Amino acid sequence: MLPKELIEKYQLWKSDTFFKNKDRFEKLAKEGQSPQYMIISCVDSRVDPNSIFNAEAGELFVHRNIANLVPRYDNLAEHSGTIAAIEFGVCVLNIKNIIIIGHSGCGGIKNGFHMCKENKFDENSAIPNWLKILMPAYKKLSNDDDMKMIDEFEKISILSSLENLSNYPFLKKSLDTNDINLYGIWNDIGTGSLEVYNQKTKAFEKI
Ligand SMILES: [Zn+2]
């Protein structure tokens, strides 16, 4: 049996949100999904892309993993989950906008930072194996204070993921013709603000 709290929350959603959007859900069930945006977000429960962008069902194609990372395409066999989701979004759903959203106080980034710093990744555990993706981004850090480096890491890792993404073979052609857009965003949980990476100024800018 599901916890009572969840059953009650579900019943509230069914009688309120679902009931008000009944036609929309019927249409989505009949016609399938055609989202315009793919979001790659951290699994952190405090960051909810559907809530941040005030999205309805069917609007956002969301993939979540620890620390919102995009592996290099040559990690296909090892990290197929994230790569498969991106391939589905681009090649099957024909999505033209991919947004990577990182956030303040990311536990994945913090732990990954210490693993990279000590160059210690426990091979018998899935989390270190995943966070090893962060190593190239770690090497780009410019600060020398741990706290500042972790803050910097949250943003630099987003840029590293964008770089990995731009080398995906099924994205290359669309990127060359400006047919697809990639965005990097950082969310400050405490203030609710979003900073978007500006390719021209090479900086994250508040919107
Ligand atoms: Zn996180």
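A residue counts here as buried if 20 or more other C-beta atoms, placed from the backbone, lie within 10 Å of its own, as exposed if 12 or fewer do, and as partly exposed in between. The model is a predicted one, so local features need pLDDT of at least 70 and side-chain atom pairs count only at pLDDT 80 or more, while totals for chains, interfaces and linings use all residues. Residue numbers start from 1 along each chain as its sequence is written.

On the overall build, the protein chain carries nine helices and six strands, these being DSSP runs numbered from the N terminus (H or I over at least four residues for helices, E over at least two for strands). Its radius of gyration is 18 Å, close to the 17 Å that the globule rule gives for 207 residues, so the chain is as compact as a globular protein of that length; the radius is taken over C-alpha atoms, and the rule is 2.2 Å times the number of residues to the power 0.38. Taken along the principal axes, the box filled by the C-alpha atoms is roughly 55 × 45 × 40 Å.

Now for the sheet. The six strands make an open, mixed sheet in the order S2-S1-S3-S4-S5-S6, where pairing takes at least two DSSP bridges between two strands. Strands S2 (60–65) and S6 (203–206) sit at the edges with a single partner strand each, so one side of each has no neighbour in the sheet. From one strand to the next, the twist averages 25°, with axes fitted to C-alpha atoms (for helices, over the stretch in contact) and angles running from 0 to 180 degrees between N-to-C directions.

Strand S1 (residues 37–42) has five of its six residues buried, so it is largely enclosed by the rest of the structure. S1 runs parallel to S2, with six bridges between them, and Cys42 stands opposite Asn65 in S2. Five bridges pair S1 with S3 (residues 97–103), again parallel; here Met38 has Ile98 as its bridge partner. S4 (residues 181–188) and S5 (residues 193–198), by contrast, run antiparallel and share four bridges, with Ile185 opposite Val196 in S5.

Five residues of domain 1 are in contact with five of domain 2, contact meaning C-beta atoms, placed from the backbone, within 7 Å.

Methods:
Contact = placed C-beta atoms within 7 Å.
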